[in-house]
Amino acid sequence: DNKVPHCLLFTGASGSGKTTLARILQKKLNCSDMDFFEINGADNRGIDSIREIKQRIGMAPIQGKCRIWYIDEVHKQTSDAMTAALKLFEDTPSHIYFILATTDPQKLLKTIITRATEIKLKLLSNDDIKQVIKSILEKENKTVTDNVIDRIAEISEGSARKALVVLHQVLGLDKEEDQLNAVLS
């Protein structure tokens with residue numbers, strides 16, 4: 001897709017939706033699960049992880065139209081790995097996309113930032129979190145009290161992921177008191 005840059009940088013706090021946005025983009029670009037490679041930059045920090053990508057970058061997609069490498073916590077890569085990755089980001093074949101994600105963009109090489117299109121994600125407001133919870137409850141045909149919804153939104157600190165995890169824990173409980181206790185634990 002000519003409208004999507006081949007190197008994206010998603011920045012934002014933990015739980016702000018970087019991985020979710022990458023998965024949405026995967027579907028938009030018609031990238032199969034077999035052609036979507038998720039790398040944890042904290043676990044695969046060195047230049048060897050970039051060399052492996054370089055060896056596979058010329059291969060055609062197995063299914064779908066493209067291949068995507070999603071590198072989470074990219075700021076934890078070594079300087080050598082980031083430097084090696086620069087060439088990949090500059091000379092990207094038309095069927096390859098890189099999505100870099102970080103909670104700490106100031107730790108990236110400036111040249112990485114200049115070669116990627118940065119998309120800054122932010123945490124949701126309490127009202128937005130409440131709307132997400134209510135929408136899910138409606139779709140799932142479930143109910144909890146407004147008090148429980150308020151508490152979930154409060155403790156989620158803007159993270160939709162955290163709110164959904166807590167909501168899931170609450171839905172198995174019948175009494176509001178038990179639900180509130182689950183939210184607080």
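Tutor: Start with charge. Lys and Arg count as positive, and Asp and Glu count as negative. Keep in mind that this is a predicted model.

Student: Which residues form a negative surface patch here?

Tutor: For a patch, look for like charges joined within 9 Å, on residues with over 30% relative accessible area and no salt bridge. In this structure, Asp174, Glu176, Glu177 and Asp178 form a negative surface patch. Take Asp178 as one of them. Its place is in helix H8, which covers residues 176-184.

Student: Is Asp178 buried or exposed, or does it count as partly exposed?

Tutor: Buried means under 20% relative accessible area, and exposed means over 50%. Asp178 has 36% relative accessibility, so it counts as partly exposed.

Student: Let me step back to the whole chain. How many helices and strands does the protein chain have?

Tutor: The secondary structure comes to eight helices and five strands. Read them in order from the N terminus: β-α-β-α-β-α-β-α-β-α-α-α-α. The C-alpha trace spans about 55 × 35 × 25 Å along its principal axes. The protein chain has 185 residues, and 40% of them are buried.

Student: Now the cysteines. How many disulfides does the structure hold?

Tutor: A disulfide is a covalent bond between the sulfur atoms of two cysteines. The structure holds zero disulfides.

Student: On to salt bridges. How many does the whole structure have?

Tutor: Look for a side-chain nitrogen of Lys or Arg within 4 Å of a carboxyl oxygen of Asp or Glu. A search of the whole structure finds 10 salt bridges. One of them joins the side chains of Asp35 and Arg67, with N to O at 3.2 Å.

Student: Where do Asp35 and Arg67 lie?

Tutor: Asp35 is in the loop between helix H1 (18-28) and strand E2 (36-40), while Arg67 is in strand E3 (residues 67-72). The pair therefore ties together parts that are 32 residues apart in sequence. Both Asp35 and Arg67 are buried.

Student: Which residue forms a salt bridge with Lys130?

Tutor: Asp150 does, and the closest N and O atoms are 3.2 Å apart. Lys130 sits in helix H5 (residues 126-140) and Asp150 in helix H6 (residues 146-156), so this pair ties together parts 20 residues apart in sequence. Asp150 is partly exposed, at 34% relative accessible area.

Student: What about Lys162 and Glu157?

Tutor: They form a salt bridge, with the closest N and O atoms 3.7 Å apart. Lys162 is partly exposed, with a relative accessible area of 36%. Glu157 has 58% relative accessibility, so it counts as exposed.

Student: One last residue. Where does Ile71 lie?

Tutor: Ile71 lies in strand E3. With a relative accessible area of 2%, Ile71 is buried. Sequence and space can both be read for a pair. Ile71 and Pro93 are 22 residues apart in sequence, and their C-alpha atoms are 18 Å apart in space.

How values were computed
Residues numbered from 1 in each chain as written. Predicted model: local features only at pLDDT ≥ 70, side-chain atom pairs only at ≥ 80, totals over all residues. Heavy atoms only, no water. Patch = residues over 30% accessible without salt bridge, like charges linked within 9 Å, V, L, I, M, F, W, Y side chains within 5 Å. Areas by Shrake-Rupley, 256 points an atom, 1.4 Å probe, with all protein chains shown as cover. Charge placed at Lys NZ, Arg CZ, Asp CG, Glu CD. Helix = DSSP H or I, 4+ residues; strand = E, 2+ residues; numbered from the N terminus. Buried < 20%, exposed > 50% of the residue type's maximum accessible area, 1.4 Å probe, protein only. Disulfide = S-S within 2.5 Å.
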